[in-house]
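Please walk through the structure below one part at a time.

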Amino acid sequence: MGEVKTSNFKKDNKKGDVKLEVKDISLTNGEQLKSLDNISFSIQSGEILGVAGVSGNGQVELANVICGIEKEFQGRVLINSQDVSKKGVKSRKKLSLSYIPENRLGVGLAPGVSVLDNSAIKEYFKASYGPHLSKGKMVGYLNDLIKQFAIKAPDVKAEISTLSGGNMQKLLMGRELISNPEVIVAAQPTRGLDVSAVEAIHKLIISQRDKGSAVLLISEDLDELFKLSNRIIVLYEGKVVKEVEIDSATIETIGYAMAGINE
Amino acid sequence: MNKYILSKKLYRNELATFYSFLIGFLIAIAVGSLILFIQEKNPFDVFSLMLKLSIGSVNSLSNSLNKAIPLILAGLGISIINSVKLWNIGAEGQIFMGAIALNFVYINTSINNSQIYILLLLVSGFLGGAFCILFPAITKVLFGVNEIITTLLTNYIVFGLTIYLINGAWKDPASLNFPAAAYVSESVYLPTVLGKLSSGFLICILFTLIAYYIKDKSVFGYEMRIAGGSELTAIYAGISAKQKAFFAMLIGGGFAGLAGAIELLSQTHRVSTGISQGFGYTAIIVAAITGMRPIGIFLVGCLFGALTIGGSVIQTIGVSSYIAEIIQATTLFGALVAQFFFSYEILKKDEND
Amino acid sequence: MIDVQLMGLLNATLQAATLLFIAALGELITEKSGILNLGVEGMISVGAVSGFITAINTESLFLAVIVGVLSASAFSSIHAFVTVVLKQDQTVSGLILTILGLSLSSLIGKPYVGKKLEVKLESLIDIAEPSNIFQVLLNQNLIFYIAILLMIFTAYILKKTMFGRRIEAIGEDLKSADSMMIFTAYILKKTMFGRRIEAIGEDLKSADSMGLKIAKTQFIATCVGGAFAGLSGVYLTLSYVPYWTDGMTSGRGWIALALVIFGGWKPYRTAFGALLFGFLEALGPRLQTYGFEMSPYIVKITPYIITILVLVFLTIIKNGNTGAPKNIGIPFFRENR
């Protein structure tokens, strides 16, 4: 307890320009409660910013604001120094933002829909000529995903939930990451997965970071955060209550902050 | 310790829907035979007579295919709307509204060129159907009002409107005991091809291909599928589920309205209660049996058209025409039951898994 | 001096309301357990025709009611089987049963069209022109009072008894989903695949019993809903309109469905809604006597228009939260992780 788990993942630290910046983000929900309270941080290219915190302290709302799903907020979101606060989801994605939502089957992937259709959610307009959708291109695209991310999907026309949890997550992440996005928001990416799948997902995240992406990693799993992040912030009741470099972070201090205890 | 778990099959047989349909049809024939036995009629005789008088001659085949037109068109509309996982129970009303819209335009306009006039009238029918579903569409998309009930109740309203019109403003004085609107002029009758087959059937083929394209090959169809899967995913993907749902409903309603227009211009030649005899409801069955596949809807629609014709002619030997309806409904029913066995399997699960 | 005509209106209102209410109450029970039964219209029809035929052939009203109720219930058990055990789509199943129910009853009822009933459900006290509320109430027949009893009974059961609370819990609680599948496996093992009967361990039994409860409850709730619809149908052909014709249900089953939503899945509120709609139905033919000049055809469709408007209005103000049981329409599936 209190040990900082280092791993060779963090040794390469090629940080660059600021890719994602949020300034003074505040969000009030229906009952006049602030679900996000004056949040500001930035992530540089080649950096993983871990967001620790117990579920329900603003993580989902933060992700939604950054990705454009939630538009009624105060503050600004900047991607590559461009203010995208008023822009919709599609435009932010076109600006090289990828979002891996914590609700795998339900948000990231559409239930009741085939594997093939789900694989094209991010870039289907690339497989289309005007109103026409080329299935051939979709299949080719999916095969690229399968090869690159080692996804086990025997029947691409089958419904998405026939895939195992790990494969669904690999499909989701592969779909979002294959275009080498500059900004990645990943929420609870390894929840409910088995050991080998977790390992594979971690490798994915690291390799993206090494390619220069700025990663916002939201997770309840402290081990995961410590293993992958360069910096960690803690969300408590919608506020950033702690911000530390990984080298100076301990599980204790993070844990206390998550519980809202000020040292 | 072994557990038995019911789980969804990983690989669903591609032809599962088709096999289910066949099984369902066989079950339906069996049930129909049973009913006939009870009524002391020989099923074999009855069915062969039905066959003979529905597809046994060019004449009867034409009748059957003509009967299939509204089933197919309305069924296609229902399948398009189902892409966003919504149900159109209002096809029956939309068919009537299509006829009403056509008549309205007909009464208030006059165009010399027959072909253009017919085209205009058909378009009016399509728009009439879309108009009919407009209220359910808006309330569903804006407020989430249950579209099953709104489309359904609209049927009764439109039917009432039809009765009102043919007994009032549009009443044909010549139609004494069986009130109906005045006949439209022969110049706008839909021409027939190959004898008695209405050219409406050709329109049917065209629209089947259109529906197939929309659902299977277009970007719009893809976006509808995603929206139908989960509205959250659609938002996440930047697709406006509400927009897709709205247009899907309007288009679907239009298909049904077109069916009504074709019925008027090719069969009844006027607005009357005979524009539709439950086609809108049977179309739901047709669409559901085929798993909402346009090509399948076309084929099953033709089959059901034949069944309906067969059903009406066997009244001459004292068998109720409802036999046909019962067979149709039971087919879907049997198919539902059969689909269970294609979709699920019993797996042994080890306790220590 | 209370207007006799007003009393006549009240009389008709109560009768129309009873008809709608019983069917709606049944559907309320079914939906509370999480099953959507769109086949109500068909079930009312089945109950109506079988009750009528029994009455004609046996001259026993009692038997007619029993047969009507049981046949509709049996018919609804088909829906229960397909949706609870086979877990197929509830919308499709319900719709087929409506069509099947209507065509079957037309088929069976054909030889009985136009026949007159010798016996008719009598009012408690027959009063030709009731002139005050008490007389109106007394003029209702037995089924009206049964309806009131059912309403109180249902409200009590849903809130106060274990069975009722279990129904509600199933409608709301998704965690029980897992056990449902084990139940189905259990049933299939015992009945269809007898050869595969193996010893069931203790752990399985407890999960089983929970799953068993869910399925059993849903099944029963659906059949009860069907029984109520049958009773409504019997009321239709033995009292309200004492004969049989095709399509005499006139979409009342669908109005009953809308009534359930209108009543927010609460028995007393549903009764209020039924009274409202019954009033509309009774008002129609009487409008002219009150000086409203409207085409009878338009008047006939006002109940449907009002129903839609009320439904829309309710949905809007409730912001989509109409109070529907959360699990309605969803067959129990174990989410794949």
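In chain A, 4 strands make up an open sheet in the order E2-E1-E4-E5, with antiparallel pairing. Strands pair here if DSSP finds at least two bridges between them, and strands (E, at least two residues) and helices (H or I, at least four residues) are DSSP runs numbered from the N terminus. Strand E2 (34-44) and strand E5 (82-83) of chain A are the edge strands, each pairing on one side only. Helix H1 (residues 59-67) of chain A packs on the sheet and touches E1, E2 and E4 of chain A, its direction making about 60° with that of E2(A). Contact between two residues requires their C-beta atoms, placed from the backbone, to lie within 7 Å; axes are lines fitted to C-alpha atoms, for helices over the stretch in contact, with angles from 0 to 180 degrees between N-to-C directions.

The model is predicted: local features need pLDDT of at least 70, side-chain atom pairs count only at pLDDT 80 or more, and totals for chains, interfaces and linings use all residues. Residues are numbered from 1 along each chain as its sequence is written, while chains are lettered from A and ligands numbered from 1 in the order in which they are written.

Within the sheet, strand E1 (residues 18-28) and strand E4 (residues 74-79) of chain A run antiparallel and are joined by 5 bridges. A:Val22 has A:Val77 in E4(A) as its bridge partner.

Another set of pairings in chain A involves strand E11 (residues 231-236), where 5 of the 6 residues are buried. A residue counts as buried if 20 or more other C-beta atoms lie within 10 Å of its own, as exposed if 12 or fewer do, and as partly exposed in between, with C-beta atoms placed from the backbone. E11(A) pairs in the parallel sense with strand E3 (residues 47-52) of chain A over 4 bridges, and A:Val234 in E11(A) stands opposite A:Ala52. E11(A) also runs antiparallel to strand E12 (residues 239-245) of chain A, to which 6 bridges join it; A:Arg231 is partnered there by A:Glu245 in E12(A). The hairpin of E11(A) and E12(A) has 2 residues between the strands, and A:Glu237 takes a positive phi near 50°.

Chain A is assigned domain 1 (1-96 + 181-263) and domain 2 (109-178), with bounds from an automatic or database domain assignment. Their C-alpha centres lie 26 Å apart. In the contact between them, domain 1 of chain A contributes 12 residues and domain 2 of chain A contributes 8. Helix H6 (residues 195-210) of chain A gives the most to the domain 1 side, with 5 residues.

Chain B has 14 helices and 4 strands. Of its 353 residues, 57% count as buried. Its C-alpha atoms fill a box of roughly 80 × 60 × 35 Å along the principal axes.

Chain B touches both chain A and chain C. Toward chain A, 18 residues of chain B are in contact with 24 residues of chain A. H9(B) gives the most to the chain B side, with 6 residues. The contact with chain C takes 40 residues from chain B and 41 residues from chain C. Elements giving two or more residues to the chain B side include strand E1 (2-8), helix H7 (147-167) and helix H14 (322-343) of chain B.
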